[in-house]
Amino acid sequence: MTAVTQPSPLPQPVTSLSRDDARRLTLRAQGLLGAPDRRAGVRGVLRALGAVQLDTISVLARSHELVPYARLGAVGRPAVEAAYWTEPPGGTSAARPHSFEYWSHAACILPIEEWPHFAFRRRARRAKGHRWHVMQDSERSCAAVLERLRTDGPLTTSELGGGRNGGEWWDWSETKIAVEWLLDTGDVVCTRRRAWKRVYDLAERAVPDGLLHDDLDDAECLRRLVAQAGAAMGVATRADLADYHRLKAEQVDAVLADSGLVPVEVEGWGKPAWADPAALASAPRGRHRTTLLSPFDSLIWDRPRTERIFDFTHRLEAYVPRPKRIHGYFAMPLLAGGRLVGRVDPAREGTTLVARQVSLQNHKAVAPMAQALREAATWVGCDAVRVERCDDARLAAALRTELAAQD
């Protein structure tokens, strides 16, 4: 299938896709091409993606807020939090949860409907018998945590009396290690946060009865997760499918034939690929979103896939020593016209959004960057945008002029 400048219907059955086809299929599957389903809102985004990664870094906002923002626009930040973690009236656990936290691509928010799909991982954790932290008396510590939750209801770590001994992740208290182990094995669940703190509850109390029991065998769990990953990506290699929920290659191989995904060839990929049949049923069309992306966004969290699809190399430099950073602490790629055309390392100073470092592909990226910066500033309550550095002086001047024109 040759590349075209306008979307064209994909023939059935599809066996060959151009790079452009694969890129558009990916964007549509990720909710970044076509009109967003605003009625479904943040929860609809979560269900479509299957996983939204969590991270402690907060620049413009935390990553789990940036992901729905990128797709829906300036949805209110309190509405984003409420969509993930609605606090039941009176602090009880009576309300049906919409999501839970667990280990997927990393620590992620997952739709509550996916609880059964991770039974294979809970069983594997249980069989392993320990985390990387070691408890002095695991049986007693776990029993004490479960009894507190059973008696007192949902609690945070500090309410359980399990703060960190020295403030570092490797120096957790016995209670903190116990409750995280119980989270790993599914005895305890986190279905909401309070002031960015996990609120732990008994899984038997918080997870709906129809989803609670680990009735799916490992093969069925893996089949459903591979199918979900394929739908969320549109088209993917085996490595892509494995990376989405951090499965092993052999686990993907064992269930791929039964996943419902169909084999395709993608120009230039050099490896076999599979596509979601629903994605192939119609050509991707509609408006492209212009937005800044969190480095932890599922569109770009797999760096080799990002480079393959967008010809764009990106990495998070937050943990790189400052002198060795190229693009900045939390550089956010700019998506415009269905392509990644620049990046910015943002910060906030009072009510000013500061573009500390900007990189732009060419002059055509200036207006989209100005638009994205202005929209992001408004979203986080800033009324001004200041550009500090840009790797091209002429583009920096053009960007400042464009921003001034929008005032």
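Colleague: What do I need to know before we start?

Modeller: This is a predicted model, with residues numbered from 1 along each chain as its sequence is written. Local features need pLDDT of at least 70, side-chain atom pairs count only at pLDDT 80 or more, totals for chains, interfaces and linings use all residues, and side-chain values use heavy atoms, leaving out hydrogens and water.

Colleague: Okay, sheets. What is the strand order in the open sheet of five strands?

Modeller: The order is S10-S11-S12-S13-S14, with mixed pairing. Strands are DSSP runs of E, at least two residues; helices are runs of H or I, at least four; both are numbered from the N terminus. Two strands pair if DSSP finds at least two bridges between them.

Colleague: Which strands sit at the edges?

Modeller: Strand S10 (291-292) and strand S14 (384-387). Each pairs on one side only.

Colleague: And how many bridges are there between S12 and S13?

Modeller: Eight bridges, in the antiparallel sense. S12 covers residues 339-349 and S13 covers residues 352-360. Glu349 stands opposite Thr352 in S13.

Colleague: Switching to S3. Which strand does S3 join through a hairpin?

Modeller: S4, through three residues. The two strands run antiparallel, with five bridges. Glu101 stands opposite Ile109 in S4.

Colleague: Why is S3 described as largely enclosed?

Modeller: Because four of its five residues are buried, S3 is largely enclosed by the rest of the structure. Buried means under 20% relative accessible area, exposed means over 50%, and partly exposed is in between (1.4 Å probe, protein chains only).

Colleague: What does helix H5 pack against?

Modeller: Its buried residues pack against strand S3 (99-103), helix H8 (174-185), helix H11 (218-233) and helix H13 (249-255). Those buried residues of H5 are Ala119, Phe120, Arg121 and Arg122. Gly129 follows H5, and its phi is positive, near 90°.

Colleague: How exposed are they, Ala195 and Trp196?

Modeller: Ala195 is exposed, with a relative accessible area of 74%. Trp196 is partly exposed, at 25%.

Colleague: Is Asp276 buried or exposed?

Modeller: Asp276 is buried, yet has no salt bridge. A salt bridge is a side-chain nitrogen of Lys or Arg within 4 Å of a carboxyl oxygen of Asp or Glu. The nearest side chain of opposite charge, Arg28, is 7.6 Å away. Lys and Arg count as positive, Asp and Glu as negative; His and the chain ends are not counted.

Colleague: What does Asp276 touch?

Modeller: Leaving aside neighbours within four places in sequence, Asp276 is in contact (heavy atoms within 4.5 Å) with Gly230, Ala231, Gly234 and Leu261.

Colleague: Last one. How many residues are in the largest nonpolar core?

Modeller: There are 49. A nonpolar core is a set of buried Ala, Val, Leu, Ile, Met, Phe, Trp, Tyr and Cys residues joined through side-chain atoms within 4.5 Å. Tyr84, Phe100, Val226 and Leu241 touch the most other members. H11 gives the most to this core, with seven residues. Apart from it lies another core of 39 residues, including Phe296 and Met332.
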